[in-house]
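Let's take a friendly walk through this model, one topic at a time. Please have the structure open as you read.

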Amino acid sequence: MAQCVTRVELSVSCENLLDKDVGSKSDPLCVLLQDVGGGQWAELDRTERIKNCQKPEFSKKLVVDYYFEKVQKLKFGVYDIDNKSFDLNDDDYLGGIECTLGQVVSSSVFTRPLELKKGKPAGKGTITISAEEIKDARTVYLEIEARNLDKKDFLGKSDPFLEFYKQSDVGTWQLVYRSEVIKNNLNPCWRKFSVPLQTFCGGDFNKPIKVSVSDMDDTSSSDLIGEFTSVTAKLLEAGDRVVEFECIHPEKKQKKKSYKNSGIIRIKSCKIERDYSFLDYVMGGCQINFTVGIDFTGSNGDPKSPDSLHYISPDGINEYLIAIWSVGSVVQDYDTDKLFPAFGFGAQVPPSWQVSHEFALNFNPSNPYCQGIQGIVDAYRQILPQVRLYGPTNFSPIINHVARFASHSAQQGNASQYFILLIITDGEITDLDQTRQAIVNASKLPMSIIIVGVGEADFKAMEFLDGDNGVLKSLTGEPAARDIVQFVPFRQFKNAPREALSQVVLAEVPKQLVSYYKLQGWPPVKLPEVKKM
C-alpha cells in the first residue's frame, strides 16, 4: 500500500475563457481528474460553478493526496455548465491541461494555456494553479447573518452574498469562501458553512481576514455593500456569544461625514473542529469487511460454452475472476482476519434445486467465509459445475444480508467496522424497486456497494443506482442519506492494467467511509496523535 505523504489543496483561476453562451458569458466549473492507467481517468474533485464569468477565481479548493513515489498524472478540465446534471458530457468544454502533481507542487504558481485538444489552443484561455500543503486537519464552522444592509436594487431589496478572503504572505487578498445568494433580503441569514482551517487562515489565528457583503445583480455582476477586516481569533469569540461587525463601504465613508455603516454583520457561531481522514480511521483500527456477490443467472450463458460470461478460459480466468482479484487484492489489506463471505444469486442450488438469491459459494450457510481472495476464487471454481444458472436477477437479498451485519456493527456506536459489498453481474436486474429501497436503507449504515457489470448488456439500471446524476430515491421518495453505490462496466477496462479497475471502483470508498462516520459524529477508535507544533 503506497503511503500517502501529504495532502495538497489546489487553488484554480482562469483568464480569457472561451465564450460559449449566446447573449451572456460562460458559466465555468473546473474538474480535476487523475490518470489511473490504461487510458482511464478518475475524477478526484471539482470546483463550484461561477455564473457569467470569463475570468473565474474558484473558491472551492481541489484536494489531492500527494505521493512522492508516484508520477501522478492530472487533467484539469474547464466546462461551461448550463444544466443541473452531474455528468459533464452534455456541457461545453472550454479547454484543459494535462500535467503532473509534481510539476504543480514544485512551481509556486503554475500557469499554462488551455487546450481544446493536444496542440489546439482554447483561444487565449489560460489556467493558473497554486498548491498548498494541508498541514492541519481542523475545520472552521461558521453561522453568519446580517442586519439592515443597504438597499442596492432600484426596484427591490438587495440580493446579498458573503465572501471571505485571507491575506497572503505578500499582502494580496485570496478568496477562501463564497456563500449562496439570498434574494431580496436586507436581513439575510446564510447557511451554516465550513472551511478547512488551512484554507481559511493558513492555521494562523492572527492573520488578517477580510469579509465582504455584495449585492448580486441579474447580470451576475455584483456591487459591494460593505466590508470589514478582522482576524480568526476575534471571530472565535462567537463560541459563546454573538460577535458583531460594522459593514463599511470605503467610498461612502470617504464621501459622507454622516455615514455610519451599510449594515451589521453578526457572527452567530464560530468554532473549530477536527476533521478525520480515511487514513485516520483505518490507522485508528477500523476494519474493512469485504463481501462478494456473484450473478449466476441464465443470461450469463452456459458456463461450458466459450461465449458464456462464466466460461473459464484455458489460462484460468474470466471477467468475474478478474473483477474479484482486482478489487479484492486492494481491499484485503484492510482486513486483519482475511476471511471473506462470498455468495451467489439467481441459480438453482442442490439438493432441492430451489432458486436461491443468497447461497454461500462454499455451500456452508452457517460459515460462508472464504480464506483470502484465493479462497473466494477456489470456491467459485468448485461451485460453477454444481449449480444450474437460472433467474431472476435479484440484488436486494444480498444487499439486505450485508446490511444486517452493518446494522449490528453500527449499534456498537463506534468506527470499528465498515462493510464493502462487491456485486458482479451481467446487468439484467429484476427487483429494481426493492433494490432501490435496500440501497436507501443501507445508506444510513457503515457500508458501500460496488457493482461491476460484465458482458455487453445495457447497464442503464446500474447507472441509475449509482446516483451520480442526482440523489437516488426509494419508490416512496425517501432519498439516500449519502451516495454509497459505485458502478463500472468491465468492458471499459478490458485492455487496461488490472489495477485500473480497482482504482476506479474503490476511488469513492474513502469518501463514503468518512462521510458515514462524520454523519454519526464518530471519531476514530484510536485517535491520531496530535503533533506538537
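Is Cys-270 buried or exposed? With a relative accessibility of 1%, Cys-270 counts as buried, where buried means under 20% relative accessible area, exposed over 50%, and partly exposed in between (1.4 Å probe, protein chains only).

## About the model

This is a predicted model, so local features need pLDDT of at least 70 and side-chain atom pairs count only at pLDDT 80 or more, while totals for chains, interfaces and linings use all residues. Residues are numbered from 1 along each chain as its sequence is written, and side-chain values use heavy atoms, with hydrogens and water left out.

## Cysteines

A disulfide is a pair of cysteine sulfur atoms within 2.5 Å, and a search of the whole structure turns up zero of them. Cys-189 is in no disulfide, its nearest cysteine sulfur being that of Cys-270, 15 Å away. At 42% relative accessibility, Cys-189 is partly exposed. For Cys-270, the closest cysteine sulfur belongs to Cys-201, and at 9.4 Å the two are too far apart for a bond.

## An open sheet

Helices (H or I, at least four residues) and strands (E, at least two) are DSSP runs, numbered from the N terminus, and two strands pair if DSSP finds at least two bridges between them. Four strands make an open, antiparallel sheet in the order β11-β10-β13-β14. At its edges are β11 (173–178) and β14 (222–231), each pairing on one side only.

Strand β10 (residues 160–167) is joined to β13 (residues 208–216) by seven bridges, and Pro-160 has Asp-215 as its bridge partner in β13. Five bridges link β10 to β11, with Gln-167 opposite Trp-173 in β11. These two strands form a hairpin with five residues between them, and Gly-171 in the turn has a positive phi of about 95 degrees.

## A loop residue

Where does Asp-136 sit? Asp-136 is in the loop between β8 (120–134) and β9 (138–147), and is buried at a relative accessible area of 12%. Contact means heavy atoms within 4.5 Å; leaving aside neighbours within four places in sequence, Asp-136 is in contact with Leu-197 and Gln-198.

## Nonpolar cores

A nonpolar core is a set of buried Ala, Val, Leu, Ile, Met, Phe, Trp, Tyr and Cys residues joined through side-chain atoms within 4.5 Å. The largest one has 87 residues, and Phe-290, Phe-296, Leu-361, Ile-376 and Met-447 have the most contacts inside it. A second, separate core of 30 residues includes Leu-149, Tyr-177, Ile-182 and Phe-200.

In helix α11 (residues 498–505), the buried residues include Leu-501 and Val-504. The elements that the buried residues of α11 pack against include β2 (28–37), α6 (319–331) and α12 (509–520).

## Aromatic pairs

Rings of Phe, Tyr and Trp (its six-membered ring) pair if their centres lie within 6.5 Å; planes under 30 degrees apart count as stacked, over 60 as edge-to-face and the rest as tilted. The count comes to 17 aromatic pairs. Tyr-177 and Phe-193 are stacked, at 3.8 Å centre to centre and 5 degrees between the planes. Because Tyr-177 lies in β11 and Phe-193 in β12 (residues 193–196), the pair ties together parts 16 residues apart in sequence. Both Tyr-177 and Phe-193 are buried.

Phe-459 and Phe-487 form a tilted pair, with 5.4 Å centre to centre and 55 degrees between the planes. Ring pairs also link Tyr-276, Tyr-281, Tyr-418, Tyr-516, Tyr-517 and Trp-522 into a cluster.
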